[in-house]
Amino acid sequence: MKIVTRLESGGRSEDRVVVERADGRALIVVADGAGGTGNGAAAAELACSMVVTAFRRGGMSTVSWIAELSTIDRDLLTVAHGGQTTIV
């Protein structure tokens, strides 16, 4: 697998990209931290970290991922201190 990254930023550094490989599986997470919220970068960082933690546990079905992402969304409300992000 060849990985190429390119980052364009308005100087706020609110976006994150994570690539992980384990046991023949691959995970690519792109988090777009919301600008103007004050904590978009923190929310993007936390979201990536939480998704990677779930990925490393392994054995996740589609239904498990849906539940995990819903939990991450709820958790970000409290731990990201008002920051917002979108993850893909």
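In which hand, right or left, does helix 1 pass helix 2? I shall answer after a word on the model.

This is a predicted model, in which local features need pLDDT of at least 70 and side-chain atom pairs count only at pLDDT 80 or more, while totals for chains, interfaces and linings use all residues. Residues are numbered from 1 along each chain as its sequence is written, and side-chain values use heavy atoms, with hydrogens and water left out.

The protein contains two helices and three strands, arranged along the sequence as β-β-α-α-β. Helices (H or I, at least four residues) and strands (E, at least two) are DSSP runs, numbered from the N terminus.

To return to the opening question, the crossing of helix 1 past helix 2 is right-handed; that is, the near helix is turned clockwise from the far one by less than a right angle. Two packed helices are described by the angle between their axes and the distance between the axes. Here the axes of helix 1 (residues 40–57) and helix 2 (residues 62–79) come within 10 Å and cross at roughly 145 degrees. Axes are lines fitted to C-alpha atoms, for helices over the stretch in contact, and angles run from 0 to 180 degrees between N-to-C directions.

Which residues meet? From helix 1, they are Ala43, Leu46, Ala47, Met50, Val51, Ala54, Phe55 and Arg57; from helix 2, Trp65, Glu68, Leu69, Ile72, Asp75, Leu76 and Val79. Contact means heavy atoms within 4.5 Å. The residues of this contact comprise twelve nonpolar, no polar and three charged. Ala, Val, Leu, Ile, Met, Phe, Trp, Tyr, Cys and Pro count as nonpolar, Asp, Glu, Lys and Arg as charged, and the others, Gly among them, as polar.

Let me stay with helix 1. Its 18 residues reach 26 Å from first C-alpha to last, close to the expected 26 Å, where the expected span is 1.5 Å times one less than the number of residues. The buried residues of helix 1 include Gly40, Ala44, Cys48 and Val52; buried means under 20% relative accessible area, exposed over 50%, and partly exposed in between (1.4 Å probe, protein chains only). Their cover includes strand 1 (15–22), strand 2 (25–33), helix 2 and strand 3 (85–87). After helix 1 comes Gly58, with a positive phi near 75 degrees.

A positive phi also occurs in a residue other than glycine: Asp23, near 50 degrees. Asp23 lies in the loop between strand 1 and strand 2, and counts as exposed because its relative accessibility is 75%.

Finally, of the protein's 88 residues, 25% count as buried.
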